[in-house]
Amino acid sequence: MPTHIYSNPLEIVDISEINQDTADKLLHAASTQGFLMLEGHGFSQEEVDQLYNLSAKFFTEVPLEEKQKYPIDKRNRGYTGMGVENLELDQLDKKVGDPKECFNFAAMNLAAGVPDQKLPTLFRDNMDTISKTVLKLREDTKKILKLLAMGLQVDEKKGGSDWFVMRHSDTRPSGTTFRLLHYHSPVKPGASNEEKDKYREVNIAGAHTDYGGLTLLFQKEGEDGLQILSPMTKKWEAVPFVAASPKFATNGDAPPLIVNIADQLSYWTNGLLRSTVHRVRFAEKSLDEGKDRYSIVMFSHPSDDTLLEPVPSKLISSEDTRGASQYLLKHGRSQTAGEHLARRLASTYGWY
Ligand SMILES: O=C(O)CCC(=O)C(=O)O
Ligand SMILES: [Fe+2]
């Protein structure tokens, strides 16, 4: 009997065409699973390989003392070492963090794709690759935001399909962060089953939701491991690696990007768009081969000064007792994206 039967719980949405049909598909995925796979993102396999190579070079060749010269700061820029970050929602007081290291590029000028921060030489020398990636991810993010506004039929008088995009300035400060992640394999190649079994059920990124508006993620073949707590089935479901469909594979395009709705878009839409809980475990193949896991993520946030007031859409009730409407009813004002983010970062890194 085959042991690896992967079904894909996520819808695959092609955003090559910006029209109402695409918008409706995207809104459906975003309001059911809160996660989807995106095609028509414009990344070639070659570009994605180049990025992974840069990431592997940084994490495996740059000495720890050098990485530690760029410790994570309050604007979420820099390096976090093994065990520093703790994403587990239920255990924010636990002493041991996730077995991963990360490098964050933040405080971005999103018109140029350049972060305002001190960087290791390797990244300074490869800023071109990083900027090109950030700009392309930014373009995809804006397309998605436009399609979501079209799907929500945002009031034309208030900005219609541009409603979200207008609140994502390229130059005003935001929490938008581009991040490289490296999860260390806990076992050596050829480890015994007994040894590997100890790690099959260990979360290497604890269960959490993302803080920003929208997240775009590259997951590598053979290094999957992302799991979602499906709002549909209420069960943990694996997000498998899925290859590019023939239409895109023949162009040399990269596999679908994984997209998820994060807290602020969910809050903004009174929960209509879902910020789904997710976690990461080592894929069986990674454990079998004793291979590390790499992923690459873009967290997009609205500009810090954006008021998270209820989205003017007939699909969202202003009487709602959740999210942005609830806050407005209770406090008589809306909170900004910057305020919303500051609270979440404080609980992840213990900044109080
Ligand atoms: O590494 C991954 O696949 C997901 C990481 C993640 O969920 C996060 O950093 O927020
Ligand atoms: Fe996440």
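Let's start with L36, which counts as buried because it has 22 C-beta neighbours inside 10 Å. Buried here means 20 or more other C-beta atoms within 10 Å of a residue's own; 12 or fewer is exposed, in between is partly exposed, and the C-beta atoms are placed from the backbone. L36 sits in strand β2, residues 35-39. By strands and helices I mean DSSP runs numbered from the N terminus: E for strands, at least two residues, and H or I for helices, at least four.

Quick word on what you're looking at. This is a predicted model, where local features need pLDDT of at least 70, side-chain atom pairs count only at pLDDT 80 or more, and totals for chains, interfaces and linings use all residues. Residues are numbered from 1 along each chain as its sequence is written, while chains are lettered from A and ligands numbered from 1 in the order in which they are written.

Back to L36. What does L36 touch, leaving out residues up to four places away in sequence? The list is L10, E11, V13, A29, A30 and V259. A contact, by the way, is two C-beta atoms, placed from the backbone, within 7 Å. There's also P9: it is 27 residues from L36 along the chain, and their C-alpha atoms are 8.7 Å apart.

Together with L26 and L148, it has the most contacts inside the largest nonpolar core, which has 74 residues. Such a core is a set of buried Ala, Val, Leu, Ile, Met, Phe, Trp, Tyr and Cys residues joined through C-beta atoms within 7 Å. Helix α5, residues 127-151, gives the largest share, nine residues. As for L148, its contacts beyond four places in sequence are L26, L27, A30 and F164. In soluble globular proteins, nonpolar side chains tend to be buried together.

Now zoom out. The protein has eleven helices and 14 strands, and 42% of its 352 residues are buried. A compact globule of 352 residues would have a radius of gyration near 20 Å, and the protein has 20 Å, so the two agree. That radius is taken over C-alpha atoms, and the globule rule is 2.2 Å times the number of residues to the power 0.38. Of the contacts between residues at least 6 apart in sequence, 74% join residues at least 24 apart.

Next, the ligand. Which residues are around ligand 1? They are L181, A205, D210, L217, Q219, L226, H278, V280, S295 and V297; the cut-off is a C-beta atom, placed from the backbone, within 6 Å. Strands β9 (214-219), β13 (278-281) and β14 (293-300) each give two or more of them.

The UniProt record, an unreviewed entry, puts "domain: Fe2OG dioxygenase" on residues 173-302. UniProt positions are in the numbering used here, feature names are shortened, and annotations may be inferred rather than shown by experiment. The end C-alpha atoms of that span lie 9 Å apart.

Most residues other than glycine have a negative phi, and most peptide bonds are trans. N76 isn't a glycine, yet its phi is positive, about 70°; N76 lies in the loop between α3 (64-67) and β3 (78-80). N270 also has a positive phi, near 50°, and sits in the loop between α8 and β13. Buried or exposed, N270? Buried, because 23 other C-beta atoms lie within 10 Å.
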